[in-house]
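Thanks, everyone. Please have the model open while I talk. I'll keep this short.

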Amino acid sequence: MGRYTHGHHESVLRSHRRRDVGNSAGYLGTHLAPGTSLLDVGCGPGTLTVDLARRVAPGPVIGIDSAESIVRQATDDCPPDVTNVEFRAGNVHGLEFMDETFDVVHAHQVLQHIDDPIAALREMGRVCLPGGVVAARDADYDAMSWYPQDDRLDHWLATYRAVAAANGGQPDAGRYLLAWAHEAGFAHVEPSASVWCFATPRDRNWWGGLWAERIVESAFADYAIESGHATRDDLEGIAAAWISWASCRDGWFAIVHGEIICRAV
C-alpha cells in the first residue's frame, strides 16, 4: 500500500462526507438492486457506503478501510435506521473474504492511492460472484481545470501530483482504469467518465475553503515539506490562492473522473 496522501484531517473528511450515490456513483446505479450484497473498499467515514446500503437494502453491505480510527468513526456515525451495513478494517490487497462472496465490489477514489492497483482489482474480482460487477471511480488530477488562471494553483497541482507519486500512488488514475482492468484480466469492461464542477458561490466556498485548510493542515502538507516539494511559505501562498479563487464570482473548477464496470465471470 502507498501512503495515503490526504490523511484524515477534518478538512479531508469534510470532503468525503459529502459523497453519495448521486454525486459519486451514478454510473453504478443500475446495479444497485434491493437484496444486492456489496463490498465498499476504502469506505472512509462511510457516507457513500451508507447511501449504497440504502439502495440495496436488505442486501448486506460491508465497508472496509485501512485506517482503524476511520472505521470506528464510520461505525459511530452510521444512521440507526441503516441496519444492513457494517464497517471493518481491511486491506484491498488481502481481502479477508472467501472467493465469490459479493454481487458488487466497489472502490471510490482508492486505486489512485495504492502502489499496485492491478493486483487490487484482481483481489476485488476474486471476492465477486460470477455475473457480479467490480466497479471503480477515480479522479484524473492532470485533467483538472479551472478559471481564472492563477500560477499558485498551477503550483498546487504540480506539487500534489509530485507528492502523490512519491507516496506510491498514481494521481491521474482516472485515465488508467480501463487499462488496469484489462491487465487485471477482466474481459468485459464498461468505461465511462463523469465530472464534479464547483462554480456556484456555495460550491466555491466549500471546495476552496476545504482546500485552503487542507493544503496547510492535512498530512499532505507534511508530506510536501518532508519530500522537499514545497516550503511552508509555498503552501501558505497556495492556501491564499484557494481563498482568492473561491471569492471570484466567475470562479469555476472541474474534476474529471474515470469509471469502470467490470463484469465478473
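Predicted model: local features only at pLDDT ≥ 70, side-chain atom pairs only at ≥ 80, totals over all residues.

Start with helices H8 and H10. Their axes sit 8 Å apart, and the packing angle is about 175°. An angle over 145 degrees counts as roughly antiparallel, so H8 and H10 are roughly antiparallel to each other. Who makes the contact? From H8, the list is Arg 204, Asn 205, Trp 207, Gly 208, Trp 211, Ala 212, Ile 215 and Val 216. From H10, it is Arg 232, Leu 235, Glu 236, Ile 238, Ala 239, Trp 242, Ile 243, Trp 245 and Ala 246. By class, that contact of H8 with H10 splits into 12 nonpolar, 2 polar and 3 charged residues.

Is Val 216 buried or exposed? The relative accessible area of Val 216 is 13%. The cut-off for buried is under 20%, so Val 216 counts as buried. Setting aside residues up to four places away in sequence, Val 216 touches Ala 221, Arg 232, Leu 235, Glu 236 and Ala 239. For a sense of distance, take Val 216 and Arg 55. They are 161 residues apart in sequence, and their C-alpha atoms are 37 Å apart in space.

Stay on H8 and move to Asp 203. Asp 203 has its place in this helix, which covers residues 201–217. With a relative accessible area of 17%, Asp 203 is buried as well. What does the side chain of Asp 203 make a polar contact with? The partner is the side chain of Arg 18, at 2.7 Å. Beyond four places in sequence, Asp 203 touches Arg 18, Cys 197 and Phe 198.

Next, the cores. The largest nonpolar core has 33 residues. Which members touch the most other members? They are Trp 156, Trp 207, Trp 211, Ile 215, Leu 235, Trp 242 and Phe 253. Elements giving two or more residues to this core are H6 (151–166), E7 (189–198), H8, H9 (219–226), H10 (232–247) and E8. H10 supplies the largest share, 7 residues.

Look at Trp 242 in particular. Neighbours within four places aside, Trp 242 is in contact with Leu 153, Trp 156, Trp 207, Gly 208, Trp 211, Ala 212 and Phe 253. There is another core, apart from the largest one. That other core has 31 residues, among them Phe 102, Val 110, Val 127 and Leu 177.

Back to helix pairs, with H6 and H9. Their axes come within 10 Å and cross at roughly 85°. Angles of 65 to 115 degrees count as roughly perpendicular, so that is how H6 and H9 lie to each other. H6 brings Thr 159, Tyr 160 and Val 163 to the contact, and H9 brings Phe 220, Tyr 223 and Ala 224. The classes here are 5 nonpolar, 1 polar and no charged residues.

Last stop, helix H5, residues 117–126. How many of its 10 residues are buried? The count is 7, so to speak a mostly covered helix. The buried residues of H5 are Pro 117, Ile 118, Ala 120, Leu 121, Glu 123, Met 124 and Gly 125. What do they pack against? Four strands are on the list: E1 (38–41), E4 (102–108), E5 (128–139) and E8 (252–263). Helix H7 (177–183) is on it too.

That's the tour.

How values were computed: Residues numbered from 1 in each chain as written. Heavy atoms only, no water. Buried < 20%, exposed > 50% of the residue type's maximum accessible area, 1.4 Å probe, protein only. Contact = heavy atoms within 4.5 Å. Polar contact = N/O pair within 3.5 Å; in protein donor to acceptor, adjacent residues only side chain to side chain. Core = buried A, V, L, I, M, F, W, Y, C linked by side-chain atoms within 4.5 Å. Axes fitted to C-alpha atoms, helices over the stretch in contact; angles between N-to-C directions. Parallel < 35°, antiparallel > 145°, perpendicular 65-115°, else oblique. Nonpolar A, V, L, I, M, F, W, Y, C, P; charged D, E, K, R; others polar.
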